[in-house]
Amino acid sequence: MAADENMFLRAKDRTFTGLTEEEQGEWRGPFYFIQAADPQLGLMKAWKLGDCDAGGDEWADEVRLTKQAVQAVNKLSPRPRFMVLCGDLVHAMPGMPYREEQERDLKECLKDVDPAIPLVFVSGNHDVGNTPTADTVELYRRGWGDDYFSFWVGGVLCLVLNSQLFYDSSACPELRSAQEAWLEEQLQRAARGPCRYALVFQHIPLYLRTPDEEDDYFNLQRGVRASLIKRFRQAGVKAVFSGHLHRNAGGMHDGLDMVVSSAIGCQLGTDAHGVRVVVVTGDEVVHRYYSLDQLSESGMEDDLKKLLV
């Protein structure tokens with residue numbers, strides 16, 4: 001992260017400096033954060049033309065929408081504790097035309113985020129490739145930081161995962177093994193305490209509607225999904241936040257909330273361009289999707305603000 005390290009939280013031993021257990025391991029009362037997904041600079045024109053395999057040669061619309069999201073979040077009071085982008089930061093896959101330009105322009109937009117609001121990045125399939133390799137993952141790490149890591153906020157353990165390693169690690173099995181070993185350690189840590197509970201951030205959803213649904217491009221395979229759900233529940237994970245679908249979806253099953261948020265950028269359904277406000281209390285995680293226009297004009301609604309008192 002040398003080029004833009006002032007923009008990002010710095011990771012050390014896969015834990016963000018400044019959001020460690022030593023500093024943030026105790027419950028300190030309710031807080032909220034912003035979850036966003038899929039700015040995916042370059043997709044809107046490519047989708048309109050039906051040429052999504054290309055890198056996307058125009059992204060002025062996504063830049064405008066990302067700037068609108070930044071401005072809306074900056075206006076919120078009180079400030080969110082952090083803002084997480086759940087993958088597909090840009091549309092061009094690793095090595096494709098326009099990749100560097102898209103990343104440059106997205107970083108330029110994000111420089112305007114209030115410095116008091118840490119940015120957290122999650123890798124998506126367009127960020128590391130549908131079949132990631134050691135090289136594509138390293139490219140992502142150089143540009144955006146670790147592809148999996150943990151951090152603490154007010155007694156809550158947050159885990160960021162590289163879901164593409166669950167989806168297809170055939171070209172880099174050693175990276176999947178490393179993430180699996182790390183994840184198991186983190187989940188055991190969560191199960192032992194002292195965290196209030198844990199939250200997971202990844203790009204590909206575990207499922208879109210129900211845990212037993214059929215495999216799809218937009219969810220994780222049933223075997224992988226079932227294993228992760230079991231492990232997450234045993235560790236006390238409260239919610240899993242994702243993007244990828246470019247529509248809102250998800251559901252609550254056996255106490256685990258699968259939250260699928262639509263995109264800042266290209267919409268593949270009827271949802272508006274937007275972000276999600278997530279309020280974390282001592283007993284529950286309450287979230288609501290806001291269109292960028294709604295958040296810009298009216299901010300967070302009073303019933304959510306009351307949960308922070």
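Predicted model: local features only at pLDDT ≥ 70, side-chain atom pairs only at ≥ 80, totals over all residues.
Residues are numbered from 1 along each chain as its sequence is written. Local features need a pLDDT of at least 70 and side-chain atom pairs a pLDDT of 80 or more, while totals for chains, interfaces and linings use all residues, and side-chain values rest on heavy atoms, with hydrogens and water left out.

Start with the charged pairs. The structure holds 16 salt bridges, a salt bridge being a side-chain nitrogen of Lys or Arg within 4 Å of a carboxyl oxygen of Asp or Glu. One of them joins Arg99 to Glu103, at 3.4 Å from N to O. These two residues sit about one helical turn apart, because they are 4 residues apart in helix α4 (residues 99-110); helices here are DSSP runs of H or I with at least four residues, strands are runs of E with at least two, and both are numbered from the N terminus. Arg99 and Glu103 are both buried, where buried means under 20% relative accessible area, exposed means over 50%, and partly exposed lies in between (1.4 Å probe, protein chains only).

Other bridges reach further along the chain. Glu184 pairs with Arg231, with 3.2 Å between the closest N and O atoms. Glu184 is partly exposed at 30% relative accessible area, whereas Arg231 is buried at 16%.

Helix α9 also supplies Arg225, which bridges to Asp215 in the loop between β8 (198-201) and α9, 10 residues apart. Here the closest N and O atoms are 3.5 Å apart. Arg225 is buried, with a relative accessibility of 0%, while Asp215 is partly exposed at 44%.

Five strands line up as β5-β4-β3-β12-β13 in an open sheet with mixed pairing; two strands count as paired if DSSP finds at least two bridges between them. The edges are taken by β5 (119-122) and β13 (285-291), each with a single partner strand, so one side of each has no neighbour in the sheet. On average, neighbouring strands are turned by 20° against each other, direction ignored (axes are lines fitted to C-alpha atoms, for helices over the stretch in contact, and angles run from 0 to 180 degrees between N-to-C directions). Strand β12 (residues 274-280) runs antiparallel to β13, and 7 bridges join the two. Val280 stands opposite Val285 in β13.
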